[in-house]
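Me: I'm new to this one and would like to learn how to read it. Can we go through it feature by feature?

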Amino acid sequence: MKTLKKLLKETEKKKVAIGHFNVAETSQLKAIFEVAKDLGVPVIIGTSEGEAGFLGRKQAVALVKSLREEYKFPIFLNSDHTKSFEEIKKAVATGYDAILFDGGTLPLAENIKQTKKVVQYVKSKNPKILVEGELGNIGSGSIIRKELPKGAAIKPEDLTKPEDAAWFVKETGVDMLAPAVGNLHGMFKDAPEPRLDIERIRAIRKAAGVPLVLHGGSGNTDEDFLAAIDAGVSIIHISTELRVAWRNGLEQELKENPEEIAPYRLLAKSVLDVKEAVKTRLKLFNKK
Ligand code: G3H
Ligand code: ZN
């Protein structure tokens, strides 16, 4: 089985991207895995601190590992937006394949200091775990938004600077970098997402020298995704779109079958709708 590190190298060469999808329970995992398996493309499952708290870290690792082993399929688990050192330790101890330390809202020097500490700790325990750092504020929460998140980087002067990215990577030793390039967590209710700054992505990739991870993927245009991949993005995170699909599917099922009480029947439409959302994104990210 190829490691995530090796797959990332291949991904970049092929000018495609690996899809990263968040889960908090097994119907979401089932939907994502089934689509990735049908399409024959690698996939990363993410759990934020909240999602991991709900599902359980040991349980998330066991579920993903069991799929990887039973189907000999490249599915990996990322500890997404991990903010506390306690949670970093738990992710390492339970066997995650990758960890994002999220110091994105910290001042640069403090972000570097904390991220470096995390990289040293993780690599001392298991050098195979990939560590991602975050540079720039893209707001937090996979939610439906009415307005821009406070402090989020949208203006060109607030986006991640290539020279900062180079310094950050050199000082911390991260394997991957999540920059602020016009991307935002969550999705607007009645407005389009801001456009991605493709030339900034290209410049950051060149300066940083490590694969880039695009967060806040929900709501972005196909055109921006393809250009971002061409410019150096190797992993794309999608969560809000899947949450919306999951909820809409469940609401429809509850409406159509008000007497139904079996969870696996109530969740069938959710699974179908999440599968559709995942399929659209994975096909696009793996378009050659
Ligand atoms: O880490 C999670 C992602 O960045 C999801 O962002 O909810 O905007 O798709 P999204
Ligand atoms: Zn994110």
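Reply: Let's start with the metal site. Donors are N, O and S atoms within 2.8 Å of the metal (3.2 Å for Na, K and Ca), and because water is not among the atoms, sites may look incomplete. In sequence, the donor residues of the zinc ion (ligand 2) follow the spacing H-x103-H-x29-H. Bear in mind that this is a predicted model, where local features need pLDDT of at least 70, side-chain atom pairs count only at pLDDT 80 or more, and totals for chains, interfaces and linings use all residues. Residues are numbered from 1 along each chain as its sequence is written, chains are lettered from A and ligands numbered from 1 in the order in which they are written, and side-chain values use heavy atoms, with hydrogens and water left out.

Me: Which residues are the protein donors of the zinc ion (ligand 2)?

Reply: They are His81 (NE2), His185 (NE2) and His215 (ND1), which lie 2.0 to 2.1 Å from the zinc ion. Helices (H or I, at least four residues) and strands (E, at least two) are DSSP runs, numbered from the N terminus. Histidine 81 belongs to strand E3 (residues 75-82), while histidine 185 is in the loop between strand E7 (176-179) and strand E8 (187-188), so this pair, 104 residues apart, links distant parts of the chain.

Me: Are histidine 81 and histidine 185 buried or exposed?

Reply: Buried means under 20% relative accessible area, exposed over 50%, and partly exposed in between (1.4 Å probe, protein chains only). Both histidine 81 and histidine 185 are buried.

Me: What surrounds ligand 1?

Reply: A residue is near a molecule or strand if one of its heavy atoms lies within 4 Å of it. Ligand 1 has 15 residues around it, and the closest are Asp80, Ser142, Gly216, Ser218 and Thr240. E3 and strand E10 (233-238) each supply at least two residues of this shell.

Me: How far is an oxygen atom of ligand 1 from the side chain of histidine 215?

Reply: A polar contact is a pair of N or O atoms within 3.5 Å; within protein, one must be able to donate a hydrogen and the other to accept it, and residues adjacent in sequence count only if both atoms are side-chain atoms. For histidine 215, a side-chain N or O atom is 3.2 Å from an oxygen atom of ligand 1. The distance is 3.0 Å for histidine 81, and a polar side-chain atom of histidine 185 also lies 3.0 Å from a ligand 1 oxygen.

Me: Where is phenylalanine 21, and why does it count as buried?

Reply: Phenylalanine 21 is part of strand E1 (residues 18-22). It counts as buried because its relative accessibility is 0%. Its C-alpha atom is 9.6 Å from that of asparagine 78, 57 residues away along the chain.

Me: What should I look for in backbone angles?

Reply: Most residues other than glycine have a negative phi. Lysine 15, in the loop between helix H1 (4-14) and E1, has a positive phi near 55°. Lysine 72, in the loop between helix H4 (57-71) and E3, has a positive phi near 45°. Lysine 15 is partly exposed because its relative accessible area is 43%, whereas lysine 72 is exposed, at 68%.

Me: What does the side chain of threonine 172 reach?

Reply: The backbone oxygen of phenylalanine 168, at 2.6 Å. Threonine 172 lies in helix H7 (residues 162-172) and is buried, with a relative accessible area of 5%.
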